[in-house]
Amino acid sequence: MANRIEVYDTGHLPYREAWQLQRELQGRLVQEKLKRRKNPALPAENADLLLYTEHSHVYTLGKSGNAAHLLRSMAELKKLEAEFVEIDRGGDITYHGPGQIVGYPILDLGRYFTDIHRYLRSLEEVVIRTCADFGLKGEREEGLTGVWIGGKKVCALGIRCSRWVTMHGFALNVNTDLTWFNHIVPCGINDRSVATLSGLAGQKLDEEEVKKALTRHFGDVFEAEMVPVAGMPESD
């Protein structure tokens with residue numbers, strides 16, 4: 001039987017609120033996993049989740065990142081009405097904002113495969129297949145994480161995993177205003193630029209259609225039943 005992944009579109013969420021929600025949902029899956037390890041007869045109560053959201057202007061720096069890749073002072077960010085948040089995912093600095101689809105999979109990889117490298121490549125595959133649906137050829141770049149088109153990055157990845165339960169995920173530039181990336185060295189890579197799907201396609205894209213494509217391909221890549229659920233996921 002295929003694994004079941006509940007899909008929530010949370011709409012617009014402040015970054016810190018979304019981060020806290022992820023931590024609660026990840027913690028719940030971890031705790032259930034520990035209980036079932038002691039008593040395998042216990043039923044699985046919590047499904048894996050895929051959360052879609054959009055954030056206001058925010059720059060996030062991963063735990064292995066370099067703060068020097070933020071090119072503006074805190075005072076300048078305040079004038080821009082943008083936040084800066086140091087967080088617990090891998091990777092360097094990136095931007096989140098309007099027109100960007102952010103996906104946060106909360107998955108127990110023990111139900112799929114316990115391989116972080118394969119997990120990252122699988123997320124990339126979901127995005128690459130989605131790009132193809134809109135006539136764009138997404139690619140991987142050797143030694144780098146994310147999805148690229150014509151040498152420009154369209155999707156950034158950054159994750160955290162605890163006892164093989166994931167959080168954080170991917171950020172896909174669909175209709176994003178790319179001028180916001182001028183305030184950072186995106187992902188700490190000096191010699192590459194960023195792009196949007198709409199810019200490459202030559203027309204504004206329907207973000208709801210992009211989410212539908214992402215969901216369909218997520219189910220195919222992870223061999224899971226994708227179940228849309230209205231509202232917000234229950235948290236602790």
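Alanine 224 is buried, with a relative accessible area of 13%; buried means under 20% relative accessible area, exposed over 50% and partly exposed in between, for a 1.4 Å probe and protein chains only. The model is a predicted one: local features need pLDDT of at least 70, side-chain atom pairs count only at pLDDT 80 or more, and totals for chains, interfaces and linings use all residues. Residues are numbered from 1 along each chain as its sequence is written, and side-chain values use heavy atoms, with hydrogens and water left out.

Alanine 224 sits in strand E10. Helices (H or I, at least four residues) and strands (E, at least two) are DSSP runs, numbered from the N terminus. Alanine 224 touches Ala2, Asn3, Ile5, Tyr112 and Gly219, leaving aside residues up to four places away in sequence. Contact here means heavy atoms within 4.5 Å. Alanine 2 is 222 residues from alanine 224 in sequence, yet the two are 5.0 Å apart in space, C-alpha to C-alpha.

The largest nonpolar core holds 36 residues. Such a core is a set of buried Ala, Val, Leu, Ile, Met, Phe, Trp, Tyr and Cys residues joined through side-chain atoms within 4.5 Å. Leu172, Leu197, Leu214, Phe218 and Phe222 touch the most other members. Elements giving two or more residues to this core include strand E1 (3–12), helix H3 (116–133), helix H5 (207–222) and strand E10 (224–228). H3 gives the most, with seven residues. Phenylalanine 222 touches Leu107, Tyr112, Phe113, Tyr119, Ser122, Leu123 and Val126, not counting residues up to four places away in sequence. Apart from this core lies another, of 20 residues, among them Leu13, Trp19, Leu49 and Val102.

Helix H1 covers residues 15–38. Its 24 residues should span 34 Å at 1.5 Å a residue, and the end C-alpha atoms are 35 Å apart, which agrees. The expected span is 1.5 Å times one less than the number of residues. Buried residues of H1 include Tyr15, Ala18, Trp19, Gln22 and Lys33.

The largest pocket contains about 390 Å³ of space. Its lining comprises 27 residues, of which Gly90, Gly91, Asp92, Leu157 and Gly158 lie nearest the centre. Strand E5 (93–96), strand E6 (100–106), E8 and E9 each give two or more residues to the lining. The largest share, five residues, comes from E8.

Definitions and conventions: 1 Å grid on protein atoms, 1.4 Å probe; cavity = no way out; pocket = protein on both sides within 12 Å on 5 of 7 lines; lining within 4 Å. Points joined across faces, edges and corners; volume = space filled by probe spheres on them.
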